[in-house]
Every structure is written in C-alpha cells, then in structure tokens.
Amino acid sequence: MSSFSIPWAVVTTTEGLATDIVPVLYLVFFGNDDNPIEEPFVIDSGADISMAPRSLADRLGLDWTEGRPIALHGVSSKPECTVQARILDVEVLVPEAECSLEIPICFADGEASCLLGRLGFFDAFRIEFNKSRQTTTLELLL
C-alpha cells in the first residue's frame, strides 16, 4: 500500500485573505482539453461530501445542470441565504499516491471553498492528522 505525508499549508480565500495553516492536498483534474488543472483542497474530516465552486465545474467542462440538485444552507436558515448546488461524480488524480479516484463533488453556484469530504475520498485513504507537526499522512487502501 502507498503511504505519504504532506505538510499543512495556508489557504487563501476568494477574497484574498489567508486562513490558518490547514491540511491541504492538491488534486489534479483533466478538463475537456485534457490539460491538467491542479487545485488545493482542504482535507475536512467534518465534511460529508467534497465541495467546490461552480467555476471549477465550468473550467472542467462539466455540465453543472446534469448534477443532482441540492440546496446548501449555512448557519442561517433564511431562504435568501440558501445556495443552489449540484453533485457530480468527478475523476481526480492524487499525484502523491499515483492513483485516480471517482468521487462525488458538490459544486456550489457561487463562491465556495474547495473541501475534501468523507464520501468517496475517505473510503480510499486512511488519514492521520498530526496537529503538532502540522502534517497529514495518507495511506491508500485500494
């Protein structure tokens, strides 16, 4: 089985603000033109499903309207705070593990953080977070 460790990194928000140092994994996607698109995703053990902005689906040439519709609710339950999203199965390459996986990603219609959730991704890896060393170790289970 393949195992690797990666250092945590600072992630920049869509507003250009830096976040804390968090567990990040760069995933590679291939769009319609077969050019690789590399994106940083925060590894989020508290997220059920992976998430990304609709703009990434557009860059990949995915038809957002073909996804399973879902309404995202944040802290507020007010209808005006609801964000429409679609769930699409997407193939991603994990370069450090030299493997590709098909995982469901919830693409939000608007700005959203890129998060790696448990469904699909955590099924393929055993993940260990080391906060004091600010590293994440991933072991491929497939």
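Is arginine 54 buried, partly exposed or exposed? I looked this up and found that arginine 54 is partly exposed, with a relative accessible area of 24%. I took buried to mean under 20% relative accessible area, exposed over 50%, and partly exposed in between (1.4 Å probe, protein chains only).

**Basis of the entries.** I note that this is a predicted model, in which local features need pLDDT of at least 70, side-chain atom pairs count only at pLDDT 80 or more, and totals for chains, interfaces and linings use all residues. Residues are numbered from 1 along each chain as its sequence is written, and side-chain values use heavy atoms, with hydrogens and water left out.

**Entry 1: salt bridges.** I counted a salt bridge where a side-chain nitrogen of Lys or Arg is within 4 Å of a carboxyl oxygen of Asp or Glu. Side chains of opposite charge can pair when their charged atoms come close. I found aspartate 109 to be partly exposed, at 40% relative accessibility. Helices (H or I, at least four residues) and strands (E, at least two) are DSSP runs, numbered from the N terminus.

Entry 2: I then examined arginine 126, which forms a salt bridge with glutamate 128 at 3.8 Å between the closest N and O atoms. The side chain of arginine 126 also meets that of glutamate 139 in a salt bridge (3.0 Å, N to O). Glutamate 139 lies in strand S12 and arginine 126 in strand S11, so the pair ties together parts that are 13 residues apart in sequence. Shared partners join Arg126, Glu128 and Glu139 into one network.

**Entry 3: the open sheet.** I recorded three strands in an open sheet, in the order S1-S12-S11, with antiparallel pairing. Strand S1 (3-7) and strand S11 (125-130) are the edge strands, each pairing on one side only. Two strands pair if DSSP finds at least two bridges between them. Five bridges join S1 to strand S12 (residues 135-140), and phenylalanine 4 stands opposite leucine 138 in S12.

**Entry 4: the hairpin.** I saw that 10 bridges join S8 to strand S9 (residues 99-108), which run antiparallel. S8 and S9 form a hairpin with four residues between them, and glutamate 98 in the turn has a positive phi of about 50°.
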